[in-house]
Amino acid sequence: MMRRHILRLFRVRNLIIITIIIGTIYLVKSFSDVKSLEPFKQSLLGTVVKEYFIPSSLRKIDWHDYKKIKYERKQKGIGEQGIPAYLSKNEEALEKQLYSVNGFNGALSDKIPLNRSLPDIRHIKCQKRLYIESLPTVSVVVPFHNEHWSTLLRTAVSVLNRSPEFLIKEVILVDDASTKDFLKKKLDDYLSANLPKVRVIRLASRSGLITARLAGAKAASADVLLFLDSHTEANANWLPPLLEPIALDHRTVVCPYIDVIAYDTFEYRAQDEGARGAFDWELYYKRLPLLPKDLDNMPEPFESPVMAGGLFAMSRSFFWELGGYDPGLDIWGGEQYELSFKIWQCGGRMVDAPCSRVGHIYRKFAPFPNPGHGDFVGRNYRRVAEVWMDEYAQYLYKRRPNYRNIDTGDISEQKALRERLRCRSFRWFMTQVAFDLTVKYPPVEPNAFAEGRIKPVSNPQLCVDAHHGAQMDKVLLKRCTESTAGEQKFMLSWHKDIRSKSRNMCWDLPESAPKSPILLYSCHLGGGNQLWRYYPETKRLKHGTNDNCLDWDPNTRALYIMPCGDATTQQWSIDHVDYEMMGKWDNVAKPVTGPVEDY
């Protein structure tokens, strides 16, 4: 009897265990796509649980501090509301002195309050946007070297004033061996007395931006690392839009819109209304237009292949999962590419948040001397290329052959990290993430459609001449010459613009009214004012997508646009026409709006 009872208990126990196992497997499978259950799923499957923030509630709330917004709208005075400000004539000497050491108007900055008000220039829908009520804490990391007193403090004050107090755990100013006396004890004392959440950590010797950011990240303790430059100003309700995507997926990295603080007047204005980060094959930072889906969803966050570099928020756990920055990168240069490639290729994603806006001073010039580390930028680029860019590195080396001779140093740990994290190929990145980059910046440049001198058929002794003119100068018609005084050789490039063969200056037509002149403007690769097409059969040069053609006045030699017609003054010859390229016109630089290969 007792034996039968024990056997029955064993059966019941086994049934309970089997039920628990089946239920667990069902839960894991059912919620495999729910990010908030990811740690639970991992623990059930026997892997180590990552230490990252998990929201306790997904309820949406309004994070605006309306009392503070109302107070700031009433602030008046020099620099308030982001209005341009100026110094008096008797302050010119001090203005010049501080310009020379900062690259911006430090004397004017000292006159503007640290807590000055800014214009709210966000998309109108941002003012009603709600965000989840459970957001992670933040460590703000601000590297600096010999930063001006008021711009450094205004950076910290704007962060603290325009953020929910309990979300900012700390602001870490990383002093990269500054030599200005006021950035030593005076700064420490001021922060201790006025901004207790702000502290300084100091590097023993000048180490550069990358090392300074790493030092700040190592000292940080909050859920999220938020990197800023040392002359920035956070705008209204800037923080929740940065944090919500990270709270929902800790492998999402978020960048704010970067507005312009004028270096001379401290005017606050928009840079633009959004673009996606990219690069050319010399690794100069470039921007791609927003995709149609991004424009339709504005102002929701949109994916961007590459960050500008200085301003972004990232889960602290994900930052260190990716190894932080490559510690072999020296001073500055290439770090935004290295981190962007790692994020995308190793399981993360990156977005820009239009409702988060931060102003940044773009210096008139760099006031700091060369650190004397040789071609550190070239070395950094080669390290990034060798570790992350696979076969695409050849396109960098084709344009910068000297990079092949640069010693990268030891990159074995970076390659081991990539292997350990099972990161994707650079081809995957180029075809799935930066899928339209090669439209504007092809690895192998197509031939020009036509090139050489451009002459009116009715008077071939005359040539179109850019005359080494400045931006917004008129394009002229002059007697043809081989002298260097002229600038008469152009190309109708595969970008479908007409540009000087000797510099990055294009024909631009801001006005399309009859007899509007052709102006010189930096080539922007965006079509529009700079879109031209040549028709060899009729010898007409047509502008844009309208029905206007290049024309001229034989009496004054004035060059302008007119509605296309039969006039002989609208006929032009170009020295060399590539008829094979002309036949491909409709397929060259064709817009791409989505991934170009299946993976």
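1. The expected span of a helix is taken as 1.5 Å times one less than its number of residues, and helices (H or I, at least four residues) and strands (E, at least two) are DSSP runs numbered from the N terminus. For the 13 residues of helix H6 (residues 149–161) this gives 18 Å, and the end C-alpha atoms are 18 Å apart, which agrees.

2. On provenance, this is a predicted model, in which local features need pLDDT of at least 70 and side-chain atom pairs count only at pLDDT 80 or more, whereas totals for chains, interfaces and linings use all residues. Residues are numbered from 1 along each chain as its sequence is written, and side-chain values use heavy atoms, with hydrogens and water left out.

3. The protein has 18 helices and 26 strands, and its C-alpha atoms fill a box of roughly 120 × 70 × 50 Å along the principal axes. Of its 599 residues, 51% count as buried, where buried means under 20% relative accessible area, exposed over 50% and partly exposed in between (1.4 Å probe, protein chains only).

4. Domain bounds, which come from an automatic or database domain assignment, are given as domain 1 (60–361), domain 2 (376–439) and domain 3 (450–584). The C-alpha centres of domain 2 and domain 3 lie 39 Å apart.

5. Helix H6 is mostly covered, with eleven of its 13 residues buried; among them are Trp149, Leu152 and Val159. Lysine 186 lies over the face of tryptophan 149, at 4.7 Å from the ring centre, the criterion being NZ of Lys or CZ of Arg within 6 Å of the ring centre and within 35 degrees of the ring normal.

6. Rings of Phe, Tyr and Trp (its six-membered ring) pair if their centres lie within 6.5 Å, with planes under 30 degrees apart counted as stacked, over 60 as edge-to-face and the rest as tilted; a search of the whole structure finds 27 such aromatic pairs. Tryptophan 281 and tyrosine 392 are stacked, because their ring centres are 6.1 Å apart and their planes are at 20 degrees. The pair links distant parts of the chain, 111 residues apart: tryptophan 281 is in the loop between strands S10 (276–279) and S11 (285–288), and tyrosine 392 is in the loop between helices H13 (376–388) and H14 (393–399). Tryptophan 281 is buried at 2% relative accessible area, as is tyrosine 392 at 9%.

7. Tyrosine 337 and phenylalanine 341 are also stacked, at 6.2 Å centre to centre and 25 degrees between the planes. They are four residues apart in helix H12 (residues 335–345), and are therefore separated by about one helical turn. Ring pairs link a cluster including Trp281, Tyr392, Tyr337 and Phe341.
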